[in-house]
Amino acid sequence: MRSRATRVIIGLVMALVALFTYFTNTQENPVTGEKQHISMTPEQEVQLGLESAPQMAQEFGGLYPDEKVQQSVKRVGEKIVNSTSVKTSPYKFDFHVLADNKTVNAFAVPGGQVFITAALLDKLKSEDQLAGVLGHEITHVVGRHSAEQIAQQQLTQGLAGAAAVATEDPNSPGRSSAIAAYVANLIGLKYGREDEIESDQLGVRWMIESGYKPEAMIEVMEILKAAGGPNRPSEFMSSHPDPDNRIERIKEAIAKYKK
Ligand SMILES: [Zn+2]
């Protein structure tokens, strides 16, 4: 039986190890210039993305069968990649239309595999709007947002383990898991919002640099806001509670990047 003091010390050591690992795994993002806490290499991201892509596609009914539609989406995605500094990133981009015609969504897995559902594609009224969706998802890839989330999860798990040990109390078994859930939620929420804003704003920048109308990003927000039902919100809307504030931030980016 460990004494309370011993449990607290073990908990503190575990927390320090988790924090040390997280804060020493620092990399500068070559596209955004941002200092990030990431434990994976870009090669590992590409590998993880290629491995998870078929399973992700399966979740949305597999690939949309019309090859012409697939090619038209790839063409827009490649135009953005090749006209911007995204081209200098270590990622291999590919763009896919998913067969799901009910779920309005687009998402990217690490390393460059980008997906849009047939349902969302059907709601878009212009190539500029499609460029807005793809530009947003491209930023999640070059911004390394998934890799950051993975590093945060590793930190959270480390801290949760530490909290569980330090607060281990046979009289209140629910206590440590409540703290762990609180920590996980707090970290997850904060970074999610920043990532969405960055994806909107750099998405606007890629649109301008590749010759698309950046105002179409605002139209995309309005389309998604109108389409968003209570269940399965799109990737775009899931982590940000205030679409109007987001539209303001998009307008700021348009003013900043448009010359
Ligand atoms: Zn997003």
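**Rings and cores: a short tour**

Hi everyone, let me start with Phe 115, which is buried, at a relative accessible area of 2%. Buried here means under 20% relative accessible area, exposed is over 50%, and partly exposed is in between, with a 1.4 Å probe and protein chains only.

A quick note on the model. It is predicted, so local features need pLDDT of at least 70 and side-chain atom pairs count only at pLDDT 80 or more, while totals for chains, interfaces and linings use all residues. Residues are numbered from 1 along each chain as its sequence is written, and side-chain values use heavy atoms, with hydrogens and water left out.

Now the rings. Rings of Phe, Tyr and Trp (its six-membered ring) pair if their centres lie within 6.5 Å; planes under 30 degrees apart are stacked, over 60 edge-to-face, and the rest tilted. That rule gives three aromatic pairs. Take Phe 93 and Phe 95: their ring centres are 6.2 Å apart and their planes sit at 10 degrees, so this pair is stacked. Phe 107 and Phe 115 are stacked too, because their centres are 5.1 Å apart and their planes are at 25 degrees. Phe 107 is buried as well, at 7% relative accessibility. Ring pairs join Phe 60, Phe 107 and Phe 115 into a cluster.

On to the cores. A nonpolar core is a set of buried Ala, Val, Leu, Ile, Met, Phe, Trp, Tyr and Cys residues joined through side-chain atoms within 4.5 Å. Which residues have the most contacts inside the largest one? They are Phe 93 and Ile 116, in a core of 43 residues.

Of the 16 residues in α5, 15 are buried. After α5 comes Arg 144, with a positive phi near 55 degrees.

Last stop: the loop between β3 (94–98) and β4 (106–109), where Thr 103 lies. Is Thr 103 buried or exposed? Thr 103 counts as buried, at 13% relative accessibility. Its side chain makes a polar contact with the side chain of Asp 100, at 2.8 Å. For a polar contact, a pair of N or O atoms must be within 3.5 Å; within protein, one must be able to donate a hydrogen and the other to accept it, and residues adjacent in sequence count only if both atoms are side-chain atoms.

Terms used. Helices (H or I, at least four residues) and strands (E, at least two) are DSSP runs, numbered from the N terminus.
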